[in-house]
There are 2 protein chains.
Amino acid sequence: MKKIGKQTFIFEKYPYLIGSYSIVGPKEGKGNFAQYFDEVLKDDTYGQKSYEKAERKLFLTAVERAMGSCGLDRDQIDVLLGGDLMNQIISSNFTARQLQLPFLGLFGACSTMAESLIVGSMILDGGFANNVACVTGSHFSSAEKQFRYPLELGTQRPPTSQWTVTGAGCSILSTTKSSIRITHATIGKVVDWDVTDANNMGGAMAPACLETLSTFFQDTNTTPDDYDLILTGDLGKLGSEVLRDLLEYRGYKTSTNYADCGQMMFTNDQKVFQGGSGCGCIATVLNSYVVQRMRLGKLKNVIVVGTGALMSTVSSQQGDSIPGIAHLVVLKAEK
Amino acid sequence: MKKIGKQTFIFEKYPYLIGSYSIVGPKEGKGNFAQYFDEVLKDDTYGQKSYEKAERKLFLTAVERAMGSCGLDRDQIDVLLGGDLMNQIISSNFTARQLQLPFLGLFGACSTMAESLIVGSMILDGGFANNVACVTGSHFSSAEKQFRYPLELGTQRPPTSQWTVTGAGCSILSTTKSSIRITHATIGKVVDWDVTDANNMGGAMAPACLETLSTFFQDTNTTPDDYDLILTGDLGKLGSEVLRDLLEYRGYKTSTNYADCGQMMFTNDQKVFQGGSGCGCIATVLNSYVVQRMRLGKLKNVIVVGTGALMSTVSSQQGDSIPGIAHLVVLKAEK
């Protein structure tokens with residue numbers, strides 16, 4: 001069985017990451033990853049009549065151009081895997097309607113990029129497909145509207161809050177050889193340390209991230225030092241500091257090789273408190289910065305951990321705490 | 001590659017269906033499958049303070065007793081796969097929190113049971129696990145509240161409407177041999193024939209079901225006559241008649257071997273117009289009637305098609321039509 005330890009899966013032969021694309025909104029295009037993103041919108045409505053429709057157009061562009069980046073036509077994609085934060089994952093569903101590809105809808109909140117890479121890797125290494133497309137993303141305005149307040153209210157944001165990234169990313173995984181291969185995955189458990197503040201998502205998700213990372217290190221008998229980069233999704237500044245502390249309590253010391261996409265997404269001048277969040281956060285950074293640095297040989301052995309907060313407005317209104325989940329994949333640069 | 005034709009996947013060795021459980025509400029317990037369900041609640045609040053919490057308790061019971069039905073402990077389950085209709089699939093997330101199992105969240109609306117069986121089959125036949133649990137379900141009152149009107153309003157139901165099934169079902173798939181094996185799967189595309197009436201879900205989903213079934217017949221070079229039973233999820237009376245007609249236009253004649261769980265769920269006296277719907281519809285029928293009849297050798301070669309309507313209240317309010325999806329698995333009774 002291609003499983004080691006408790007929750008870690010090994011991909012013996014496939015998949016390779018052969019294509020990628022990242023598209024972001026104007027604010028993200030002024031942030032720290034500006035030079036890496038494939039495309040930056042000038043207008044976050046993307047010419048659409050609603051933010052929800054803009055969000056799905058981001059998804060469509062990401063998939064189409066990721067296919068283009070590796071010269072694949074639509075009929076060469078065996079399965080499309082995707083999910084998003086919208087109720088009933090409408091962004092992904094309507095994208096799949098447009099693309100007319102066999103589609104598996106996923107939901108792992110902001111961990112969905114990692115979840116889609118895991119399921120995609122199992123499909124490819126399991127011998128069921130030659131190419132799959134993994135897509136996710138988010139839009140600041142559709143997320144605010146659904147999860148928090150109408151934008152028009154101008155509600156003051158608390159200091160622990162994060163800013164949902166407007167953007168989408170798509171990875172094409174394949175049995176065709178390339179310089180980046182996914183070698184391991186750890187499927188997360190749902191972890192809940194009783195955080196109830198929906199404006200402190202980093203704090204709510206950090207424990208799940210801790211559990212997935214420490215299980216992975218145990219399962220593989222490795223330590224943080226064995227990796228050039230350990231990249232978490234959207235814990236933000238506070239959440240990533242919490243994770244760093246929690247890892248240290250467990251005996252795992254991280255150094256400059258640990259970073260969080262949310263923490264790094266925006267500059268300090270952009271006044272977004274704890275940084276970026278949303279499915280689009282890790283999806284756009286993975287499919288730009290990480291892939292580009294790996295192709296250049298600057299990064300060789302990378303852990304990517306998608307982190308998701310699994311509440312809904314209803315669960316919060318009914319007094320439930322915020323459960324988190326974290327899914328992990330390892331990417332290796334191979335010659 | 002374990003794929004034939006356009007969208008159909010072959011499972012060469014695994015998985016076997018080794019365990020199952022079905023639990024339903026009082027109304028379903030007075031319907032046509034009453035004698036087959038493992039458990040019928042007397043009170044659809046299931047002792048909980050909200051319908052949402054009742055729904056997740058149904059999920060928990062289904063998973064725990066499905067594991068019990070095949071003598072597995074929780075630590076023998078490698079992955080839990082699940083999804084539901086609630087925004088951000090909270091029923092599945094909170095169940096996964098309780099069970100502390102590695103968890104992949106899915107969303108395919110009412111096709112989720114079939115989707116979970118497909119992903120689970122790929123994980124097992126791909127060599128990544130020994131046992132996985134697939135769970136989904138729905139609750140009439142949580143679904144009405146979220147998708148339609150407050151129950152207290154007593155809104156009149158139109159004649160094309162269906163009744164969301166209160167119930168959950170869980171299947172345990174395994175590499176351990178049993179008398180039922182999943183042999184094929186077809187992953188559906190999102191199909192939209194421009195139905196906009198959220199009270200005619202059967203009509204909205206029938207075209208997706210048509211496409212998946214006819215693609216499957218083409219991919220496998222089989223016809224409806226090759227199967228004892230072709231069972232769709234929740235097209236209801238009207239939707240299943242639409243499907244029958246559409247299949248006939250394509251040259252596929254179905255006879256008494258075609259049935260729909262929604263159409264059959266309730267008796268005519270129960271006044272639910274077109275019948276049952278919801279993730280729990282096929283989940284409970286598959287994990288009771290179908291599994292029991294297959295174990296008795298009364299059914300040998302069964303197509304199960306989960307059908308899902310992929311809209312949200314927001315997509316409908318913004319004028320979008322209702323896209324559908326249908327995922328298919330083939331179950332074979334083996335000696």
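Me: Where in chain B is N130(B) found?

Reply: N130(B) is found in the loop between α3 and β7 of chain B, where helices (H or I, at least four residues) and strands (E, at least two) are DSSP runs numbered from the N terminus. This is a predicted model, in which local features need pLDDT of at least 70, side-chain atom pairs count only at pLDDT 80 or more, and totals for chains, interfaces and linings use all residues. Residues are numbered from 1 along each chain as its sequence is written, while chains are lettered from A and ligands numbered from 1 in the order in which they are written.

Me: Why does N130(B) count as partly exposed?

Reply: A residue is buried if 20 or more other C-beta atoms, placed from the backbone, lie within 10 Å of its own, exposed if 12 or fewer do, and partly exposed in between. N130(B) has 18 C-beta neighbours inside 10 Å, and therefore counts as partly exposed.

Me: Which residues does N130(B) touch, once those up to four places away in sequence are not counted?

Reply: Residues are in contact if their C-beta atoms, placed from the backbone, lie within 7 Å, and on that basis N130(B) touches M1(A), D78(B), S174(B) and T175(B). N130(B) and P15(B) are 115 residues apart in sequence, yet their C-alpha atoms are 8.9 Å apart in space.

Me: What makes strand β9 of chain B mostly covered?

Reply: Eight of the eight residues of β9(B), residues 167-174, are buried.

Me: Which strand pairs with β9(B) in the antiparallel sense, and over how many bridges?

Reply: Strands pair if DSSP finds at least two bridges between them. Strand β3 of chain B (residues 16-24) and β9(B) have eight, in the antiparallel sense, with S20(B) standing opposite S171(B). Eight bridges also join β7(B) to β9(B), again antiparallel, and there the bridge partner of V132(B) is L173(B).

Me: Why is β3 of chain A described as largely enclosed?

Reply: Nine of the nine residues of β3(A), residues 16-24, are buried, so the strand is largely enclosed by the rest of the structure. Eight antiparallel bridges join β3(A) to β9(A), residues 167-174, with Y16(A) opposite S174(A). With β4(A), residues 39-40, the pairing is parallel and has two bridges, and V24(A) stands opposite V40(A).

Me: What makes helix α2 of chain B largely enclosed?

Reply: Nine of the 10 residues of α2(B) are buried, so the helix is largely enclosed by the rest of the structure. Its buried residues, including F94(B), R97(B) and L99(B), pack against α9 (313-317) of chain A as well as α1 (51-69), β5, β6 and β7 (131-138) of chain B. The helix is followed by Q100(B), whose phi is positive, near 55°.

Me: How do you know how the two copies are related?

Reply: The copies are superposed by least squares on the C-alpha atoms of residues with pLDDT of at least 70 in both. A rotation of 180° with 0.0 Å of shift along its axis places chain B on chain A with an RMSD of 0.0 Å. The two copies are thus related as by a two-fold rotation axis.

Me: Why can one say that the copies meet through the same surface?

Reply: Of the interface residues of chain B, 100% are also interface residues in chain A, so the copies meet through the same surface. In total, 52 residues of chain B are in contact with 52 residues of chain A. The elements giving two or more residues to the side of chain B that touches chain A are β5 (79-84), α2 (90-99), β6 (103-105), α3 (112-125) and α9 (313-317) of chain B.

Notes. Two residues are in contact if their C-beta atoms, placed from the backbone, lie within 7 Å.
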